[in-house]
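My notebook is open, and I have a handful of things to look up. I'll go one entry at a time.

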Amino acid sequence: MAKPSKKLVSCVILDLDGTLLNTDGVVSEVLKGFLGKYRKHWDGREAQKIIGKTPLEAAAAVVEEYGLPCGNDEFLAELNPVFSAQLCNIKPLPGANRLLKHLSGHGVPMALASNSPRGNIESKISYHQGWKDYFSVIVGGDEVTAGKPSPEIFLEAAKRLNREPSSCLVIEDSIPGVTAGKAAGMEVVAVPSVPKQTHLYTPADEVISSLLDLQPEKWGLPPFQDWIEGTLPTEPWYIGGPVIKGFGRGSKVLGIPTANLSTKGHWSLLSEHPSGVYFGWAGLSTRGVYKMVMSIGWNPYFSNTEKTIEPWLLHEFNEDFYGEELRLVIVGYIRPEVNFPSLESLIAKIHEDRRIAERALDLPLYSKHKDDPYLISSLHSESNHS
């Protein structure tokens, strides 16, 4: 059923953990170490049981799930100092800084509303330049009688912003958060932090795969002006490794020879970057530097069980190069990952991605990265050994 046209809003209320900050990565690392002491193994799949919960609820969920021989309070007391020491390592999620700068630059009032205690929220944002000034209001879970999914935290934020709930847009990554936002009578955009769970977020007014895909103009807010010829420039990021055999469907099923990289050792990078289509430059140790477009994600059409990295080097090669060192500099983003009704529509979209990347990489903004030392050093290191 199509939702009615979106309501216009005048302010934005954001959740913090999993929405603006990649807290989940640090939480997983801390829990991995902690559970190791009890000879238990933290399974990332359990993450969805703690996302959006208050610290005590999350503790209770872990203690119960793993049958730990300690109480919830004891668990928290032991974990908190370890977690606090890691606060400085929590990175903003892709698109977070861009969104906050954009809204702040256009004078859109913003509030932070999180189930974490107020002091904890302030500690986390203190490591991110400018964030303290972006929010005119901060509401912590310890300032209300009930955390999300109760709407109280969002109603309190609206009250302090001096706005009607109906004029607020909530941005949330968790189901308790979405439930709370809708119960408060607000518009809600969900950015699910657990992969492949999108179907659970139907109460939200819109579900997007990352903050990079938010279109503020849909809600009557000023649009972003930073897209260039169908691409969004990003801070360059780097990934490399030997080319491995993929599923064999790139060339066979799609007619598109991808040079797959192993995901082993790239777990944190993969959790940091949302699924989608990106582009940039690829250095092959013995051959040179080429234009490249790549997908990161679950390839819903093929129902992958794990996230993959599939770069397509935009060059005709005469032979395979399995085992060769491939280095990628990713410089921009094209679109989120989507499912396709047919193989033909998938192939057509991949070729459109190719055309967008080919054209964009000729722009000075992107072409300058062709000389990145990271790409070149892979060429030299190989020739020195030969």
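**Entry 1: a helix end.** Before I name any helix, I need the rule: a helix here is a DSSP run (H or I) of at least four residues, numbered from the N terminus. I also note that I'm working from a predicted model. With that rule I looked up Tyr134, which lies in helix H6, residues 131-134. Is Tyr134 buried or exposed? Tyr134 counts as buried, because its relative accessibility is 16% and the cut-off for buried is under 20%. I then checked Tyr134 against Met186: they are 52 residues apart in sequence, and their C-alpha atoms are 21 Å apart in space.

**Entry 2: a proline in a strand.** I found Pro236 in strand S7, which covers residues 232-244. Pro236 has a relative accessible area of 28%, so I put it down as partly exposed. Gly280 sits 44 residues from Pro236 along the chain, and the two C-alpha atoms are separated by 8.7 Å.

**Entry 3: the second largest pocket.** Rolling a probe the size of a water molecule over the atoms shows where empty space is left. I read off a volume of about 740 Å³ for the second largest pocket. Which residues are closest to its centre? Out of 38 lining residues, they are Val27, Lys53, Thr54, Pro55 and Ala58. Next I asked which helices take part: H1 (23-37), H2 (55-66), H3 (72-86) and H5 (118-126) each give at least two residues to this lining. H1 has the largest share, with six residues. By type, I sorted the lining into 18 nonpolar, 13 polar and seven charged residues.

**Entry 4: rings.** How many aromatic pairs does the structure hold? I got nine. One of them is Tyr290 with Phe317, an edge-to-face pair with 5.0 Å from centre to centre and 75 degrees between the planes. That pair links distant parts of the chain, since Tyr290 is in strand S10 (288-297) and Phe317 is in the loop between strand S11 (308-313) and strand S12 (325-335), 27 residues apart. I checked how open each partner is. Tyr290 is buried at 13% relative accessible area, whereas Phe317 is partly exposed at 23%. I also noted a cluster in which ring pairs link Trp227, Trp237, Tyr278 and Tyr333.

**Entry 5: charges over rings.** Two arginines went on my list here. Arg98 has its charged end over the ring of Phe224, 3.6 Å from the ring centre. Arg327 does likewise with Tyr374, at 4.8 Å from the ring centre.

**Entry 6: cysteines.** I looked for disulfides and counted zero. Is Cys11 buried or exposed? I wrote down buried, with a relative accessible area of 0%. Cys168 is buried too, with a relative accessible area of 0%.

Definitions and conventions:
Residues numbered from 1 in each chain as written. Predicted model: local features only at pLDDT ≥ 70, side-chain atom pairs only at ≥ 80, totals over all residues. Heavy atoms only, no water. 1 Å grid on protein atoms, 1.4 Å probe; cavity = no way out; pocket = protein on both sides within 12 Å on 5 of 7 lines; lining within 4 Å. Points joined across faces, edges and corners; volume = space filled by probe spheres on them. Nonpolar A, V, L, I, M, F, W, Y, C, P; charged D, E, K, R; others polar. Phe/Tyr/Trp six-rings, centres within 6.5 Å; stacked < 30°, edge-to-face > 60°. Buried < 20%, exposed > 50% of the residue type's maximum accessible area, 1.4 Å probe, protein only. Lys NZ or Arg CZ within 6 Å of the ring centre and 35° of its normal. Disulfide = S-S within 2.5 Å.
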